Each structure stands twice: as C-alpha cells, then as structure tokens.
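Reader: I would like to learn how to read features in a protein model. Please take them one by one.

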Amino acid sequence: PGGVQLVGGESRCAGELELEHQGEWRPVGGYSLWTLKAAGVACRELDCGSAVSVGDREESSERGRPVWEIRPDCVESGSALRECAAASDLFPSFLNLTCSDSVRLLGGTGLCSGRLEVNSDPSDPSWSSVCEADFDQQDAQVVCRQLGCGAPSVLQGALYGEGEAPMGTKEFQCGGHESALLDCSSASERSTCSPGTAVSLTCSEPGVQLVGGESRCAGALEVKHQGEWRPVGGYPPWTLKTAGVACRELDCGSAVSVGRREESSERPAWRIRPDCVQSGSALRECAASRSSLSFLNLTCSDSVRLLGGTGLCSGRLEVNSDPSDPSWSSVCEADFDQQDAQVVCRQLGCGAPSVLQGALYGEGEAPMGTKEFQCGGHESALLDCSSASERSTCSPGTAVSLTCSEPGVQLVGGESRCAGALEVKHQGEWRPVGGYPPWTLKTAGVACRELDCGSAVSVGRREESSERPAWRIRPDCVQSGSALRECAASRSSLSFLNLTCSDSVRLLGGTGLCSGRLEVNSDPSDPSWSSVCEADFDQQDAQVVCRQLGCGAPSVLQGALYGEGEAPMGTKEFQCGGHESALLDCSSASERSTCSPGTAVSLTCSEPGVQLVGGESRCAGALEVKHQGEWRPVGGYPPWTLKTAGVACRELDCGSAVSVGERKESSERPAWRIRPDCVQSGSALRECAASDSSLSFLNLTCSDSVRLLGGTGLCSGRLEVNSDPSDPSWSSVCEADFDQQDAQVVCRQLGCGAPSVLQGALYGEGEAPMGTKEFQCGGHESALLDCSSASERSTCSPGTAVSLTCS
C-alpha cells in the first residue's frame, strides 16, 4: 500500500524495507538508527500488526546500491515514510523488519500493551477484535511471545478503549507453548458477543538489567530482545536525566551516576537514543542494533528515591528497606531529621539539604513507612543508619519531602565570579563544559541564573591543543528547565565554553534578554538582589544598564511593566552620566528610607542589530547579526525554512519571507549558527546565535512593501502595505480600493499562487491605520508599488480592511 513493501522474508510482513518514489523502488539504508518504535510505524503503514524486530543486512559488495535514507525521528512524529525519505548514494547496508502478520496491540502505552486485534486470513488484510469470553491466560502467553514481549501481566476487557474493528467470532484454544496465535486450534465461530468485552492485554516488557556492579542497581546496562541479552553502547552519550528513566524501569530509585567503559574489540550492542527514552517509551522500543567498543555503566540509588520534584535532587522521599522486595514506602515527617536528610542527599550525589518539609511534592501512593531512621549524618547510605522500632502509623500529609542543593556550577579564570570557563561538579569532580554542541545566549542565560549571576552577556569557546575529560551539555535539555548536572554527559573535548554573565544587573520577566524588571546586586560578596525605585532611575542610568547587558539603546523605561518582583525595593539612587560601562561604576546618592509599591523600574532595551546586506533592497541579501559591537553573517547550517525566515523578516520590519537560500564561499570565516527551533519559539535572533565558523551563509528575500498578517501560513492574512522604504510604518488597505488584479500582483510578489479569497476583515481587524490610497494594477506587475495609484481618499469604514488568501 502507498508504495511501501517488505521483500525477501517469510511473509509479506517480514523482509527488507523498500519504498517506491517517482516510479522507482529502492531499499531503505540500514545506517539510520531505526528503533522498534520507528519500525512499529512502518508495520502499521504496511497494515501488518506490531513490530517484532528490526535489524540491518550488510551486502558483500562495498559499492552497495542507491537507497532511501529515512530518519527515525521523522517517522515517529507521524509523517508518512515517503515524506521522511531522502535519496542517498550507494550503500552496502539495508534495513530488515519483522512485523507480526496476524496479531497486533493497539492504543496501549507501548509495543507490549493494547487492545488485541487478529487477522486470521493473510489474503484479506482486515482485522477483528477478540471476545473476552473466548480468550484465556494460555492464549495471552502465545500472543505476548509472538510479539517478542514478556509474560502477560494483565488480561482485561476494554482496558485500552473500544476499537473500531468488528468483534471476532472465533474462540482460540492454545496450550500456551505455540509460537503464534494462528497455530492454536480454534472452535466454531459464535454468532456475536457484547460490546465492552473486546480483549485488552498487557504483556511485561522483556528484561532490563545492570550487571557486574555492587548491587542489582549498579553496573553495565543490558537489554533483552528476542531472547538475547546485549549491552547498551556508550554512544550517543547518556545524561543523568536519561539514566533516571532506566533506573525507574529497573525499579531502582534515582540515577546517581552514568559513565562508560571502553573495550578493546567491538561486539553487538544496542544503541539507545536518549530523546526516545525521555519521551516515555520503554528502553527496548528505543534500541537500535549496532556494534560498539564502549558501553554504558549506570549507578542508581537502590534504597532511596525522590519523586515528583523539579529534578534529581528534590521530591517526595521513598525508601526500599529490603533489596529482595521491590516495594517502596514513604517516610513519616516525625521520624526524619536534618542528619537523615544529609545522608539521603549524599547518597543521591546531590549537595546539602536546603528544605525538609511534609508533603511539599504531593501525597504519594506509596504506603507510609513506620520505621524511624537515626543517622549521625556521616553515613554514605540511609540503610547504614540504625533504625528504631516501627511505630503503628502516622498521619496523612506528613510524608517527608526533601530538596537537596544541586552540586556545584562555577565560572573560573574570568575577571569576576560571573565570567570565565564553565565547570560543573559531579561526584566530587570538577570538569569543564565542552564547546560542542555550541551554546546560544538563551542557554547561557539559564546557566547564569543557576550561578545567581544576572543575565547572559556573551558566550564563546576556547580551543586547547590536547583533549581532556569534559561534560557535553545539550542546550535543549538545559532550556527545558533541568539543572546543568542532569543534562551533562561524560565526553572528552578540545574546545571549552566561556561565559560572561552580568554580575550586578539583571532583567527578569521580560520577553527576552533585553527587557524585564530591573534588579541590582550592589555587593559581590552578598548574592542578594533588589529592585530599583522609579524615582531613582533616569534615561542615563538606563543607557548604562542596556550597554552592560550587550543590548541596544533603551526604548521604554516604566514602573512595574513586567510585574511586581519579590526582591526588596532598593533604596539607592544611581547618578550615571550615560557613558559608563556598568551601573556600579556610576556614583550613587545616599540611601532613601523607602519607596512605594508598583514603582519598581521596568526596562526595555532595543535588540542589537539585524540586517540584510548585498541585496537589491534593505529587505534582501545576506543575513547578519550584531553582537558585542561585531557584525557577523549567519551560517547556512542548520538549514532554514521559509517559516524561520519569516520570523527574521518580521524582526527586520520587512514583511513576509519570499525566499531563503545559501551561498558558498571558498574559505571559512566566523559566523553565527542560529537554531531554527529557537527562532520559531519567539526568541530574538541574537539569543539564538551560537558562535561558529562556516563556509556557507544564509541569503533571505523578504517582501519589502507588502505583508500578510494573522493568517494560517505565509500565503494568507490581513494585507498591510509600506509605501515608503524610508519610513518603516505599515497601513491596511480599504476593501473598496482593491480588486482581483491588485490581489494577483500581491500573491505573485509574495511567491504564492493565484488569489483564491479576497474579503474584508477575514483575519481580524489590524492595529495598522487604514490606508487611503487606491491601487490600479493590470495584474501583470511584479510588485504592488509598481502599479499606479489614484488620489488618496479621506477615510473608509472599520471592518473593511482587505484580507487575502493566495493559493
């Protein structure tokens, strides 16, 4: 169906995956890391049940043959295989899939649970549900085995919803030892069975284990699939955040450390993608078959864990006192003190306890423990402490919640504690953070906040001549709100991150790095911040703060624009000339006694420059961004879409994006690498820029005189026009002054197809003033301003601004 097939296997649901595109069948290359999760999507597209195994087959010829390269994350996002396929050169390795041709589980939480559907006739691809009354534990064992899952743990009617498939009328009679459901005998068909009784089945996930460590919760990570145990390779590197998911799947508490060991020769392994694991899928679903030289080692806390907190170092405390029984219990507030908390925080690899409180992170489902721990505070694990006799019970709402401090983060070698090389401490060891993947100012801002250091001013890299151990920290993990340590994977590096944060001023609660409520830290030895009174702050002071933060000139200075802060109101008046490089360089008058609420200074500085150079107008050319006084081009990698370019066009006050391309140069030069997902999240271009070198550079063309706003894409919206390039103001157009020929010209100018809808106020009334110019186009012009225009009219009614939909 749809030009997808499996060839060379034992049935139409097994073999080498091939795809047809433009009349040509090609195999799918085996190099992309396909997991069972991605294979499951292909099996569904083939109308073939669930994915049972995925592997790759090497061809003896080194040349190979042309293939489709298909990225698993694209397939997993719900796109059709063909949408995810890129033509690739000759390849010697090909993807092999086995799907279950006669049984499948739908609507469950993974590959091993869901509503059971059966296809009894390979020549007819229709599926039917099974009646609860016709299915027993032996039948369930066979289905779980056929799907490559563990033993059945739940067998229940309609657990995963009523299906659309017709109810089956066949009763299966399995002994439990068969390898497939259709190998079982089946009784005569019954006439019907009641709604709500379709069988739902949960099979256990096949094994995950840690081997070779000091307990069952430490060692080399291994995953079982199709009866075979294999270690998990050390690449891609795992963070503590990913390891935490594996620890939970092992029923082993929290992740304490994750490392790698190297071996001298390659052997078969699973390569497991961290993003797949963190999405909630079982480890086995995220595993791709690969050989490896390096292997993952995990240590989980076997007897304590923190649940429901904001990271690895906070949450509701649960304890497992008996390794032979994997059940967990909460601890009564009355039975737990500061010394006990010190031991738990140490055991989890966290810093000292900062908050110890009942039910801070919600009431748990675990039963309340009845054991009192008596620690001295020096022990390495809670179970090493003595414990008093068990009490009978304790009240609800008193389960212990604990917040430990995150272990250290520091900047070293800079001019202040808020500048220098970024280092993170884990398990007693300080290591620098590698310069790859490159960080943006937006990511650096999170680290500056974790350092209690104000806003990010710059982020750069320094190269060293020899590799040394470092942390690789993924920006998307940091920006999701996780602590730096949770996002760190062990890696060696030659290049290292350098950050500069503003040590004495910061803007909070604004829309980016250059706006927010102003807070000041006047004393480096005391990390407390205070707001500034509106009456004590003027335009010159604002110029200094904007300059100190690496932003442009102040554009708005107002009280409480970005909300009332929690910081105490400052009582110091700054007296700047406007030329100083930092607010603390300005003289300050004697402190005042107090100032009224609602008058804390809020500040909006302009974003430093963005420009297009070398094109036919100011709205076309090579994209350049200014940071710390320096203009640099934007590199062509990662490639930009029109959607991303549209954001840059808006930031340039240039209408809509018409085209985006790249030009190659013969030698590398410094550039900004700008991540499209960051730009599309609404951040300014400068916040999304990471320092890099490049050979290829972005070229954009924006429509300089027309734009469509508020529509569903680039080709629809409320029309606005800018008639004068020297004045960047836009106006709407009156419906009475605009006809089909005018619309043809606007659609052509925007790179869209012919106009399909022309209507007043379809996409909302704009804030732009109504234009008073009538355009008279023949329909053949390339731009609206090329058309003649009649004398201006005096006014036109509200609700009549032109809205336009081009195909």
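Predicted model: local features only at pLDDT ≥ 70, side-chain atom pairs only at ≥ 80, totals over all residues.

Reader: Where is Thr-440 found?

Author: Thr-440 sits in the loop between strand S29 (429-432) and helix H7 (441-450). Leaving out residues up to four places away in sequence, Thr-440 touches Val-459, Gln-479, Glu-687, Cys-688, Ala-689 and Ala-690.

Reader: Does one call Thr-440 buried or exposed, and why?

Author: Buried means under 20% relative accessible area. Thr-440 counts as buried because its relative accessibility is 3%.

Reader: How does Leu-293 count, and why?

Author: Leu-293 counts as partly exposed because its relative accessibility is 35%. Leu-293 lies in strand S19 (residues 287-300). Beyond its neighbours within four places in sequence, Leu-293 is in contact with Arg-261, Glu-262, Glu-263, Ser-264, Ser-265 and Glu-266.

Reader: Now disulfides. How many does a search of the whole structure find?

Author: The general idea is that a disulfide is a covalent bond between the sulfur atoms of two cysteines. A search of the whole structure finds 23 disulfides. One of them joins Cys-43 and Cys-99, with sulfur atoms 2.1 Å apart.

Reader: Which parts does the pair of Cys-43 and Cys-99 tie together?

Author: Cys-43 lies in helix H1 (residues 36-45) and Cys-99 in strand S7 (residues 93-99), so the pair ties together parts that are 56 residues apart in sequence. Cys-43 is buried, at 0% relative accessible area, and Cys-99 is buried at 5%.

Reader: What is the hand of the disulfide of Cys-448 and Cys-501, and why?

Author: The torsion about its S-S bond is about -80°, so the disulfide of Cys-448 and Cys-501 is left-handed. Cys-448 lies in helix H7 and Cys-501 in strand S31 (residues 488-501), so this pair ties together parts that are 53 residues apart in sequence. Both Cys-448 and Cys-501 are buried.

Reader: Last, the largest pocket. How much space lies in it, and which residues are closest to its centre?

Author: The largest pocket holds about 1,400 Å³ of space. Of the 33 residues that line the largest pocket, Asp-73, Asp-275, Tyr-436, Arg-474 and Tyr-637 are the closest to its centre. Elements that give two or more residues to the lining include helix H2 (72-76) and helix H5 (274-278). By class, the lining has 17 nonpolar, three polar and 13 charged residues.

Technical notes
Residues numbered from 1 in each chain as written. Heavy atoms only, no water. Helix = DSSP H or I, 4+ residues; strand = E, 2+ residues; numbered from the N terminus. Buried < 20%, exposed > 50% of the residue type's maximum accessible area, 1.4 Å probe, protein only. Contact = heavy atoms within 4.5 Å. 1 Å grid on protein atoms, 1.4 Å probe; cavity = no way out; pocket = protein on both sides within 12 Å on 5 of 7 lines; lining within 4 Å. Points joined across faces, edges and corners; volume = space filled by probe spheres on them. Nonpolar A, V, L, I, M, F, W, Y, C, P; charged D, E, K, R; others polar. Disulfide = S-S within 2.5 Å.
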